[in-house]
Amino acid sequence: MTNPTNYSATVPYVNINMLSNGTVLGFAVARNVKVVPGQNDNILVIATWEPARLGGQKGLDVGRELLSQYISGYNTTLTLRTHNGTIPMHPNLGAALSSIEIEIPTPKLDPPKNPNHPDWDEDDRDDKAPRFIDDATMHLFTSTATFTLLSPLRYSTIFVTHINATAYYNHTDPVGEIVYELPFVVPPGATTSPRLPVDWSIDSVGYQAVKQALGGTLKLDAKATVGIRLGEWEERVWFTGGGIGARIQI
């Protein structure tokens, strides 16, 4: 944050709304902020995500869309806007400044490195590949697949509660579908999913490409609906990803 004036100040409490497409989804709070002239770095801000309480059903819908785009690697943004509770001692100031909106890129959550990451994928990884799915292994004989998942959360465990996904070869040729309803854990760091059942698209060009790649690797795309639970919060989001490196094994 840049303070363009020659004055310093200490602000005990600041509360700013976070919006997407004009809908309030949450708020950010900073306490005991010491502002000096010029650039001010390392200001601790705690963000709270409450789309249902703040935006009702529209908030839920907009929030779900934002999360879906975010995990799919889209360039998403958040809008910051003050309100009459931004500085409790000066409600008129917060209300007056609410006409000025600041749009910022959604903060990135960098996933950890996979210690078992194969060299071939480090060099050839598609820029459009999802950041939270590192690779996949397809098992033809058992009609199953496993995925290496990279959780960007350092201290919290994610639960995947539902998967309805379709894999594609060459963007449009279906390879197979995965429907899985049993929850499984994604702890911080790199982890391997359970073996998920695959219903192969036997007559498709995509499945033939998978068979021809037996013993090697193949780049696949995916579209999915995924259920996620984090603490007491739970949501179903959509996901699209391309360039997922898949090993094809018997």
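The largest cavity of the predicted model is lined by W49, P51, G59, L60, G63, R64, L67, W233 and E235. A cavity is here a set of points, on a 1 Å grid over the protein atoms alone, where a 1.4 Å probe fits but cannot get out, and lining residues have an atom within 4 Å of a point. The volume of the largest cavity is about 30 Å³, taken as the space filled by probe spheres set on the points, with grid points joined across faces, edges and corners. One cavity of 30 Å³ or more is present in the structure. Two or more lining residues come from each of α1 (51-71) and β17 (233-249), and α1 contributes the most, with six residues. Helices (H or I, at least four residues) and strands (E, at least two) are DSSP runs, numbered from the N terminus. By class, the lining comprises five nonpolar, two polar and two charged residues; Ala, Val, Leu, Ile, Met, Phe, Trp, Tyr, Cys and Pro count as nonpolar, Asp, Glu, Lys and Arg as charged, and the others, Gly among them, as polar.

The largest nonpolar core has 35 residues, of which F147, I163, I178, F184 and I248 touch the most other members. Such a core is a set of buried Ala, Val, Leu, Ile, Met, Phe, Trp, Tyr and Cys residues joined through side-chain atoms within 4.5 Å, where buried means under 20% relative accessible area, exposed over 50% and partly exposed in between (1.4 Å probe, protein chains only). Elements supplying at least two residues of this core include β9 (144-151), β10 (158-169), α4 (205-212) and β17. The largest share, six residues, belongs to β16. Beyond its neighbours within four places in sequence, F184 is in contact (heavy atoms within 4.5 Å) with L149, I158, F159, V160, I163, S193, P194 and L196. A second, separate core of six residues includes L25, V62, L66 and L78.

Residue A145 lies in strand β9 and is buried, at a relative accessible area of 0%. With neighbours within four places in sequence excluded, the contacts of A145 include T137, M138, H139, I178 and V198. T166, in strand β10, is also counted as buried, at 15% relative accessibility. Under the exclusion of neighbours within four places, T166 is in contact with G176, E177, D221, A222 and K223.

Residues are numbered from 1 along each chain as its sequence is written, and side-chain values use heavy atoms, with hydrogens and water left out. Local features need pLDDT of at least 70 and side-chain atom pairs count only at pLDDT 80 or more, whereas totals for chains, interfaces and linings use all residues.

Notes:
1 Å grid on protein atoms, 1.4 Å probe; cavity = no way out; pocket = protein on both sides within 12 Å on 5 of 7 lines; lining within 4 Å.
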